[in-house]
Every structure is written in C-alpha cells, then in structure tokens.
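Try each one before you read its solution.

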Amino acid sequence: MPRTRSLAWSELKLGIVGVVAIVLATAMVLAVGGEGGFFADRYPLKTKFRDVQGLKPGAVVRLGGKEVGLVRAVEFAGNEIEVVMEIRSEIRPLITDQSTAIIGSLSLLGEPIVDIRSTGQGTPLSDWAYVRGDNTGGPIAEITESAQAGLVRAEQILASVQEGRGTIGKLITDDALYVELNRFITSAQDVTRAMNRGDGTLGALLKDPAAYNSLKTSLANLQDMTARINAGQGALGRFLNDEKLANSLSTTLTNLDQVTGKMNTGSGTVGRLMNESQLYDRLNSLSGRLDQTLAGLERGQGTAGKLLHDDRLYESINTTVAEFRSMALEFKSLIAEIKKDPKKYLRVSVSIF
C-alpha cells in the first residue's frame, strides 16, 4: 500500500504566489477594461466609418468625454469599416438614433478612440443597432487638414521666394538689391564711425561737452519757460491761465458771432449791403457814374478836365492869381499909407453959403 506524502511548505508557498498573481492579473484586466470591467452589464452597438485612422479592438469608447465602453471588433463591411462596441447598459437612454460617432483621440498624439456625441433627443438604440458615423474625421482630421494647409502655404511661400517674388525673394535672388543693402550697411557703419570720431552734428553732440552743455541749457530754459507758462506768467501764460482773458476772448467771439449773424440776416448797413440788391444796385450805379466822371476828366472834358489837361488855362489862371496877389499887395500898402497919414489922402472941405 503506497504511503501518503505530506504537503511541503515550499509547494504551499508556490500555490499562494500563483493565486495572488492570478488575482493581480484579473485586477489589471479590469482596470484596463475601463469602468466596471468585465462584470459590468453591457450591450452591443455598431457604427461604420470610411476611415478608422488606426482604430483597434480594445480602444476606449467615450460619451461626452467620459469612458462608457470598449471597441470589441473592427472589420470590413463592403467599402466601409464596421466597428463593434460594448457600451454600459446604464448609458442606453443617452445614446439615441440622433447621436453620432466620430474617431477621436486620447490626446493630441494618442491612439484613436470612438467618441459618441449625444443630442439629448431621439429614441434609445436597441442591441446591435448602428450609431450614425460621422466621416468628417473629428478633431484629428481637422488638425491634420490644418497642418496640411499650413504645409501647402509654406510650400507656396518657398516657391515665391525661389522665384524672386516679394521682399524676401528679391533679397535672396536680386543681386542689385543685395548690393544696395550692402551699401546701406556700409554707409551705416561709416556714419557710426564718424559719430564715434565726433564728426557732424550728432558726433559733436556725443563728443563735444560744449554742445552737450548748450543743449542741456536749452532744455533747462525750455523747462523754465514751460513752468512760467503753467504758472500764468508772461503774455502766453496769462492767455492760457487767466480766466478773465478767456472770458473776454469768449465774449469777443460771441459778439463776432452776433455781428456775423446780423450781417447774414441783413441787419445794419453792411448787412443790407450784403443782402439788399437795391442798395447794391445804387452803389453800383454811383460807382459807374464816378467812373464816367473820372474818364471825362482823363479826356479833358469840362472845366475840371480842361484844368487838368489845358496848360494855357492853367497859365492864365496862374497869371490871374499872380495879378490878384499883386493888386492885393498894392491895396494893402495903400491901406497902410492911409492909416499912417490920413490927411494926405483924405481932404474934407466945408463951404457955407
């Protein structure tokens, strides 16, 4: 009869380690499998895409950014690719016939996932029903298209530069522009050297203490002048700070505005002259007659015209005036003689019959 062998401690430890390893492996599988693991109540759904962008079984299924299931199969179905998903049953009311599924990503460069968008409307889907697939590509496709558009634009810019279009293109391909730019840089270097040597106005300002002191004095005078103006000193300071002068100027402007308004309305002589046609016509007629009179004078018409142009009349009048002055002088002398000796010139005889 065979003898029963007792269980060694080493063998017992090996069994315990194996059981612990199985438990840990199961826990890891449950953790990787998402919320609820294998023991959660799930129901199957399907969707179709033209391009799954590398989607694999085991990928996460999200609803509104929250994990709600896993991808179980990715297979061809004609020209499209069918994706079988297992979704947690408590999410059923949120996925309806109005929901859409797109290919998303765990991160910007992460693996693709299925992202379901819920509208909050419609009828919940039954088991093995299809969620409408959105083939626009989702965020990854948008980023890819933007990157491709950027690359195309960069290629166009590089082509333009190589063809010599634009400032950078001309700078790279146009030798004349390069020469001009080189000359400009050389000239700038020459100017910098001249300034460092003290040549020119800027150089003198940088090197000559007298020029610096003069500029400093001018700035100090300008600051002093500005301070005096702000303090109301001087004519300009009073003009800017004296309220009475400002009020006087405002009153003058108001009066000028009133005068201008009266002129526009025809009040006063100037206003009537500007607005009444009769007064204007009278002045125009007077001006015309005055022009005719002056023209007659210029032609020698009339006494005044002859007086201006006839030398004989002028000489005759001049001679008459001279004779009149001579007669006046003689008469004045006679009056003086009579006053001096009246008896000589005045004789009175009285006779009695």
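Predicted model: local features only at pLDDT ≥ 70, side-chain atom pairs only at ≥ 80, totals over all residues.

**Exercise 1.** How many salt bridges does the structure hold? Track down the ones that exercise 1 left out.

*Solution.* Step 1: the count is three salt bridges.

Step 1: go to Arg 88. The side chain of Arg 88 meets that of Glu 90 in a salt bridge, at 2.5 Å from N to O. Is Arg 88 buried or exposed? With a relative accessible area of 14%, Arg 88 is buried, because buried means under 20%. Glu 90, at 48% relative accessibility, counts as partly exposed.

Step 2: move on to Asp 127. The side chains of Asp 127 and Arg 92 meet in a salt bridge, with 2.9 Å from N to O. Asp 127 lies in the loop between β6 (112-117) and β7 (129-133), while Arg 92 lies in the loop between β4 and β5 (100-105), so this pair ties together parts that are 35 residues apart in sequence. Asp 127 is partly exposed at 40% relative accessibility, and Arg 92 is partly exposed with a relative accessible area of 25%.

**Exercise 2.** Over the face of which residue does Arg 92 lie? While you're thinking about rings, count the aromatic pairs as well.

*Solution.* Step 1: Arg 92 lies over the face of Tyr 43, at 3.8 Å from the ring centre. Arg 92 also has its salt bridge with Asp 127.

Step 1: now the rings. A pair of aromatic rings is described by the distance of the centres and the angle of the planes. For pairing, the centres have to lie within 6.5 Å. By this rule the aromatic pairs number zero.

**Exercise 3.** Which residues form the nonpolar patch on the surface, and which element gives the largest share?

*Solution.* Step 1: list the members. The patch is made of Leu 202, Leu 205, Tyr 212, Leu 215, Leu 219, Leu 222 and Met 225, and together they have about 670 Å² of accessible area.

Step 1: assign them to elements. Those giving two or more residues are α5 (200-207) and α6 (209-231). Helix α6 contributes the largest share, five residues.

Step 2: Tyr 212 belongs to helix α6 and is partly exposed, with a relative accessible area of 46%. Leu 205 is in helix α5 and counts as partly exposed at 30% relative accessibility.

Step 3: see what Leu 205 touches. Setting aside neighbours within four places in sequence, Leu 205 is in contact with Ala 211, Tyr 212 and Leu 215. As for Met 195, it is ten residues from Leu 205 in sequence and 8.9 Å away, C-alpha to C-alpha.

**Exercise 4.** Where are Gln 53 and Trp 128 found, and what is phi for Gln 53 and for Trp 128?

*Solution.* Step 1: Gln 53 is in the loop between β1 and β2 (60-63), with phi near 55 degrees, a positive value in a residue other than glycine. Gln 53 counts as partly exposed, at 28% relative accessibility.

Step 1: Trp 128 is in the loop between β6 and β7. Trp 128 isn't a glycine either, yet it has a positive phi of about 65 degrees.

**Exercise 5.** How many helices and strands does the protein chain have, and what share of its residues counts as buried?

*Solution.* Step 1: the tally is 13 helices and seven strands.

Step 1: of the 353 residues, 18% count as buried. The chain exposes about 27100 Å², and carbon and sulfur atoms supply 59% of that.

Note on methods
Residues numbered from 1 in each chain as written. Heavy atoms only, no water. Patch = residues over 30% accessible without salt bridge, like charges linked within 9 Å, V, L, I, M, F, W, Y side chains within 5 Å. Areas by Shrake-Rupley, 256 points an atom, 1.4 Å probe, with all protein chains shown as cover. Salt bridge = Lys/Arg side-chain N within 4 Å of Asp/Glu carboxyl O. Helix = DSSP H or I, 4+ residues; strand = E, 2+ residues; numbered from the N terminus. Buried < 20%, exposed > 50% of the residue type's maximum accessible area, 1.4 Å probe, protein only. Phe/Tyr/Trp six-rings, centres within 6.5 Å; stacked < 30°, edge-to-face > 60°. Lys NZ or Arg CZ within 6 Å of the ring centre and 35° of its normal. Contact = heavy atoms within 4.5 Å.
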